[in-house]
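Colleague: I would like to go through this model and hear what stands behind each term.
Modeller: Ask away, and each answer will set a value against its definition.

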Amino acid sequence: MNTGQIISGAGHLAFIGWALLGGVFRSDPPPFEVVEATTISSEEFAALLARQSAPEAVANVDTPEPPAPGDSAPPLASIPDTPPESTPPPAQETAPPDPAPDVSEITPPAPAEVTDTAPVLETPQEDVAVVVPQVSPRPKPRPAPRVAPEAVAPPEPDVRIDEVAQPEVAPEEGAEVPQEPAEATAQEEAATEIVTEAEESKDTAPTSSLRPKPRPARPVAQAEAPTPTETPAPATTETPRPAAPATDQSAVNDALAAALGTGQQTDTAPSGPPLTSGEKDALRVAVQQCWNVGSLSTEALGTTVVVSVLMGEDGRPDNGSIRMDSFSGGGDAAARQAFEAARRAIIRCGANGFNLPPEKYDQWRDIEMTFNPESMRIK
Amino acid sequence: MMRFMMTLLAALTLWAMPVLAQGNGPLRIEITEGVIEPLPFAVPDFVSDSAAGQELGRNIASVIAADLNGTGLFRQIPSSAHISRITSFESPVQYADWRAINAQALITGAVSTDGAGRIIAKFRIYDVFSGQELGAGQQLVGTQDGWRRIAHKVADQVYSRITGEGGYFDSRVVFVAESGPKDQRAKRLGIMDYDGANVQYLTDSTSIVLAPRFSPTGDRVLYTSYETGFPRIYVLDVANVGRRELPTQDATMSFAPRFAPNGRTVVYSLTQGGNTDLYTMDIGSGASTRLTTAPSIETAPSYSPDGSQIVFESDRSGTPQLYIMSAGGGEARRISFGEGRYGTPVWSPRGDLVAFTKQSKGRFHIGVMRTDGSEERLLTASFLDEGPTWAPNGRVIMFTRETQGEQGQASLYSVDITGRNLKQVPTNTGASDPSWSPLQN
């Protein structure tokens, strides 16, 4: 045994001894609950068990014997109650009848003074604020002899009905530039749909609602009233027409068309920038104002016609060039009616020239219009 | 990266297609919204060489204008607004003058008499804005006292040429003329032009008459009379007012008759033993065939234009509803499912719609629906509307409207199937139960 082993053995012995004697493996006693107990005697325990056990079943039950067939019912021993004594109420003496009133001295009331004149209502002062009622009926579409895409309020009685609304222009004295006097015109009253008597009298609206929608705005021509210019009024064909505001899509289309090189067109293709969506919308709106389908047959209302027209530089259609390229949805007769209605629309509303940009004439010299009355059938 | 570039290029190409298309062809726009308004027209007096002819020409023009105005599809421009004067039927039309007053259609005509005293009327129709004549001119010949019919026929041609639909002006209406207080009302059959003119009476008012119905050719009328105390069906010849009773069994009640499109068969209701069913009868032989056997009430039958089906009213579901079955009977399919009670169905001459009376929420309506029950639309609303009848072109419905109260009176109204142009038909007395004839020959 060498010295290292001795030292190691001694060290281990010392560690084991420290572990055993030093309390390393001693644990604290676990916590415990203290319950109080009472010592009872065996008699008391037996008495407790006796109270918790089930009660004994009754073995013998006395059942009543059924009555014999010949038995008669026992006499009832109840004694009828004697009615309570009641004393009649003392008769009330009838009051002597009242003597007949003497009406000889009564004079009839004087007749109220009634006049046929209606009371005069006081006219409220103009600057008195009027409280807006909180409850108002829901506005219903009013029947109108004309159905149009946009509702039009009834015009003033002294205003001439025309396709285009414009304010009255009176020559102004002392003006540097003489103005052409123009009569005020307004569009005919129109509703956006046909209102039948049944729909008109239908009362399904709630009893209270928000304020009704404002009446349709007056014709926009008031906002477009011609302003005096320093030069004589130019002819329609020479007047540069204001370009309708272009939409984002049109701007994108313009940029895209430019990027794709629209300049590489053939000699027969139109030149110049294409019409913007706004410009095309303006043309579409102008034509649809005159596209009257009210006198078309049911079949013609189901017929779509494609009509082509050549335009003059002044924006007027060449009436002789209007032709039907194709049709669908109806027979020949219906297509003819539909085409005639379309032709009337182009000629009527193009009589004064459509609002098209002259600088883009090559783009709209040849126009193909598709008249699709599908949405008009369900008005 | 390459794939992304390809996708971007494809999207750019698709996006640019409309622009490229616009650049390579005509400007294309689509019109989907229009207006619905009466079409302005002008009809100057028909020219004539004689003073009597001028008055006749004025009367004819007046009736034409009234016919067209009455449709609600046209609007007459009064003669006071005319710039041009038509002095000769052959003179060229000054389109600019008619455009200036916004006349979109122009009807010119001339009237004269031949050696036999007959009226000869010529007319032309023009599309003013296109500067073209619509179709070829036509000539009509008629008797002196038939000038109104000539005018109606001209109006029918104008209506048909512009709208593409058949006209209905040269037609008649048979109806029940009513007079006296409500509890002692006298009723008799009357017949008149569609516009209320030329009223004649076909029966006296000694017994109650109901529900007259024209034959498909307009020469006969079926109706129900209480002459015997029980309702019985009679067929009356319009020309000579001769009539005969259709044979039916004793102790039965027969009513609600209507001709089949072949004009030889009648469908009607017959009540026997408290049960009402539908029957058909061959007018020539008197042989009848029972079509329904349900314990419910089946009545108000009406044939489809091709005669293959019958629409009728039945309460087999608990409330009166509309049903369609084969003309030979058999299983019926219900077509009305809305709220309320449906009755008096009448099949449109076009075959696409059924007109009916509907009672809902205390009000009566005249309405139309497709033959499968879809697209129901109520056209009127009042205290009492009932008994629709179709114009020959299937575009207009006439019906009875009765006002409320002891002094209430029945009168005839007409309405376009769009619900527009609701108006009263002028009659001298109270009137109910109209039946519209086909166009006269």
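Colleague: How many residues does the contact take from chain A, and how many from chain B?
Modeller: The contact takes 59 residues from chain A and 39 residues from chain B. Two residues are in contact if their C-beta atoms, placed from the backbone, lie within 7 Å. This is a predicted model, where local features need pLDDT of at least 70, side-chain atom pairs count only at pLDDT 80 or more, and totals for chains, interfaces and linings use all residues. Residues are numbered from 1 along each chain as its sequence is written, while chains are lettered from A and ligands numbered from 1 in the order in which they are written.

Colleague: What makes something a helix or a strand, and how many of each has chain A?
Modeller: Both are DSSP runs, numbered from the N terminus: helices are H or I with at least four residues, strands are E with at least two. By that rule chain A has seven helices and five strands. Their order from the N terminus is α-α-β-β-α-α-α-β-β-α-α-β.

Colleague: Why is the length of α5(A) said to agree with that of a helix?
Modeller: The expected span is 1.5 Å times one less than the number of residues. The 12 residues of α5(A) should therefore span 16 Å, and the end C-alpha atoms are 16 Å apart, which agrees. Helix α2 (residues 51-70) of chain B has 20 residues and reaches 29 Å, close to the 28 Å expected.

Colleague: Which residues of α5(A) are called buried?
Modeller: A residue is buried if 20 or more other C-beta atoms lie within 10 Å of its own, exposed if 12 or fewer, and partly exposed in between. In α5(A) the buried residues include A:A282, A:L283, A:A286 and A:V287. The buried residues of this helix pack against α6 and β5 of chain A together with β1 of chain B. Over chain A, buried residues make up 20% of the 379 residues.

Colleague: Why is strand β4 (residues 323-328) of chain A said to lie largely in the open?
Modeller: Of its six residues, the number buried is zero, so β4(A) lies largely in the open.

Colleague: What makes strand β3 (residues 304-310) of chain A and β4(A) a pair?
Modeller: Two strands pair if DSSP finds at least two bridges between them. These two have five bridges, in the antiparallel sense, so they meet the cut-off of at least two.

Colleague: Which strand of chain B pairs with β5(A), and in what sense?
Modeller: Strand β1 (residues 27-31) of chain B pairs with β5(A) in the parallel sense, over five bridges. There, the bridge partner of A:E368 is B:R28 in β1(B).

Colleague: What makes β19 (298-303) and β22 (333-334) of chain B edge strands?
Modeller: The open sheet has four strands in the order β19-β20-β21-β22 (chain B), with antiparallel pairing. Each of β19 and β22 pairs on one side only. Four bridges join β19(B) to β20 (residues 309-314) of chain B, and B:S302 stands opposite B:V311 in β20(B).
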